[in-house]
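Q: Could you walk me through this structure, please? I am new to it, and I would like to begin with a single detail before turning to the whole.

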Amino acid sequence: MTFIEMGIEPDDRFERQARQQAAERGWKFEKLVGDMTLVQQLVNGPWDDERFSSSPGGHVASSFDEKIIKVERN
């Protein structure tokens, strides 16, 4: 299980919960430091075509590569 620390957590309760759930399932736990840039751009823009799907007439689908998802046009 990966916990992504975004710097907006009020305390460590979410990390503790993630650690506990990983332990209960026998999963490896890792903690990464995140970045709010993508979330801020999602809310405020700019919405470049490389990182956002802003074109009408398509739908999101799995890409099965390093990009994870893609937009397919109808």
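A: A salt bridge here is a side-chain nitrogen of Lys or Arg within 4 Å of a carboxyl oxygen of Asp or Glu. Please keep in mind that this is a predicted model, in which local features need pLDDT of at least 70 and side-chain atom pairs count only at pLDDT 80 or more, while totals for chains, interfaces and linings use all residues. Residues are numbered from 1 along each chain as its sequence is written, and side-chain values use heavy atoms, with hydrogens and water left out.

Q: Are Glu-72 and Lys-70 buried, exposed or partly exposed?
A: Glu-72 is partly exposed, with a relative accessible area of 30%, and Lys-70 counts as partly exposed at 37%.

Q: How accessible are Glu-5 and Lys-31?
A: Glu-5 is partly exposed, with a relative accessible area of 28%, and Lys-31 is partly exposed too, with 37%.

Q: What else does Lys-31 form a salt bridge with?
A: Lys-31 also forms a salt bridge with Glu-15, where the closest N and O atoms are 3.0 Å apart. That pair links distant parts of the chain, since Lys-31 is in strand E2 and Glu-15 in helix H1 (residues 13-25), 16 residues apart.

Q: Where is Phe-3, then?
A: Phe-3 has its place in strand E1, and Phe-3 is buried, with a relative accessible area of 11%. Residues up to four places away in sequence aside, Phe-3 touches Glu-9, Phe-14, Glu-15, Ala-18, Phe-29, Glu-30, Lys-31 and Leu-32. The C-alpha atoms of Phe-3 and Arg-19 are separated by 8.3 Å, although these residues are 16 apart along the chain.

Q: Switching topic, where is Phe-52 found?
A: Phe-52 is found in the loop between helix H2 (37-44) and strand E3 (58-62), and Phe-52 is buried, with a relative accessible area of 12%. Leaving aside neighbours within four places in sequence, Phe-52 is in contact with Leu-38, Gln-41, Leu-42, Pro-46 and Trp-47. From Phe-52 to Leu-42, which is 10 residues away along the chain, the C-alpha atoms are separated by 8.0 Å.

Q: Now the whole chain: how many helices and strands does it have?
A: The protein chain has 2 helices and 4 strands, and from the N terminus on they run β-α-β-α-β-β. Helices (H or I, at least four residues) and strands (E, at least two) are DSSP runs, numbered from the N terminus.

Q: What radius of gyration does the protein chain have?
A: The protein chain has 17 Å, whereas a compact globule of 74 residues would have a value near 11 Å. That radius is taken over C-alpha atoms, and the globule rule is 2.2 Å times the number of residues to the power 0.38. The C-alpha atoms fill a box of roughly 45 × 30 × 15 Å, taken along the principal axes.

Q: And what share of the 74 residues is buried?
A: Buried residues make up 14% of the 74 residues in the protein chain. As for contacts between residues at least 6 apart in sequence, 31% of them join residues at least 24 apart.

Terms used
Buried means under 20% relative accessible area, exposed over 50%, partly exposed in between (1.4 Å probe, protein chains only). Contact means heavy atoms within 4.5 Å.
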